Amino acid sequence: MTEKVFPMTLEGKAKLEAELEELKVVKRKEIVERIKIARSYGDLSENSEYESAKDEQAFVEGRISTLEKMIRFAEIIDDNNVEKDIVSLGRKVTFIELPDGDEETYTIVGSAEANPIEGKISNDSPIAKGIIGKKLNEEVVIPTPGGEMKIRIIDIQSA
C-alpha cells in the first residue's frame, strides 16, 4: 500500500517541523507536569484536572503522529519546472470573477499548509482544482458548492 503524499512548500514543511518540535519538547513536558500535579489531588475518578490533562495528552500525541507522517511523506513543491504563465502548486494566482469583476488572490498549496485566512488554498479545493493547469488570461468555469463561478486569470506569480 502506498502512503499518501503531502505536497507542500519548503516554508510549509519548516512550519510543521517547528510545530512538531514545540509539541515534543515543550508541550509534552507541560502535560506530564499537569498530570503529576492532578494525581497529587487524590481520587482520579472524580478529578477533572486529571481528565483534562489526559485528554490534552491524547490530542497532542495524535497531532505529533499526524505531523510526523506529513513530514515523512512531504513532497516539496518545485514550480521551477512549470511554465511561468501556467497555474500550478506553489503559485500565487489572481483572478477576477465574471461578470462583476471582484478580484481575488490565492496561493495554491498542499492540504497540509492550507490556510484560507492567509490566502493559501489547498490543491484539493474546488477553486484550485478548477484553475490548476490553466493559463494567464484564460476564462474558467469552476463548480463550487454554492454554484458555478466564472473567472478570468489575470496574474500568476511564484509564491
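**Exercise 1. Surface**

How much accessible surface does the chain have, and what percentage of this surface belongs to carbon and sulfur atoms?

Solution. The model is predicted. Its chain has an accessible surface of about 9,700 Å². Carbon and sulfur atoms account for 51% of that area. As for the interior, buried residues make up 36% of the 159 residues.

**Exercise 2. Overall form**

Solution. Next, take the box filled by the C-alpha atoms, which is roughly 70 × 35 × 30 Å along the principal axes.

**Exercise 3. Element order**

List the helices and strands of the chain, then describe the annotated N-terminal domain.

Solution. The chain has three helices and seven strands. Read from the N terminus, their order is β-α-α-β-β-β-β-α-β-β. A UniProt record, an unreviewed entry, places "domain: Transcription elongation factor GreA/GreB N-terminal" at residues 7-76. Over residues 7-76 the chain is 79% helix and 7% strand. The end C-alpha atoms of this stretch are 6 Å apart.

**Exercise 4. Backbone exceptions**

Find the place of proline 99 and of asparagine 137, and describe the backbone at each.

Solution. Begin with the general rule: most residues other than glycine have a negative phi, and most peptide bonds are trans. The peptide bond from leucine 98 to proline 99 is cis, its omega being near 5°. Proline 99 sits in the loop that runs between strand E3 (91-98) and strand E4 (103-109). Asparagine 137 has a positive phi, near 70°. Its loop lies between helix H3 (126-131) and strand E6 (139-144). Asparagine 137 counts as exposed because its relative accessible area is 52%, and the cut-off for exposed is over 50%.

**Exercise 5. A lysine in a strand**

Is lysine 120 buried or exposed, and which residues does it touch?

Solution. Lysine 120 is in strand E5 (residues 120-122). Its relative accessible area is 15%. Buried means under 20%, so lysine 120 is buried. Leaving out residues up to four places away in sequence, lysine 120 touches Glu11, Lys15, Thr107, Val109, Glu113, Ala114 and Asn115.

**Exercise 6. Charges**

Count the charged side chains and state how far apart the centres of the two sets lie.

Solution. There are 23 positive and 33 negative side chains in the chain. The centres of the two sets are 4 Å apart.

Definitions and conventions
Residues are numbered from 1 along each chain as its sequence is written. This is a predicted model: local features need pLDDT of at least 70, side-chain atom pairs count only at pLDDT 80 or more; totals for chains, interfaces and linings use all residues. Side-chain values use heavy atoms; hydrogens and water are left out. UniProt positions are given in the numbering used here, feature names are shortened, and annotations may be inferred rather than shown by experiment. Helices (H or I, at least four residues) and strands (E, at least two) are DSSP runs, numbered from the N terminus. Buried means under 20% relative accessible area, exposed over 50%, partly exposed in between (1.4 Å probe, protein chains only). Accessible areas come from the Shrake-Rupley method with a 1.4 Å probe; for residues, only the protein chains shown count as cover. Lys and Arg count as positive and Asp and Glu as negative; His and the chain ends are not counted. The place of a charge is taken as NZ of Lys, CZ of Arg, CG of Asp or CD of Glu. Contact means heavy atoms within 4.5 Å.
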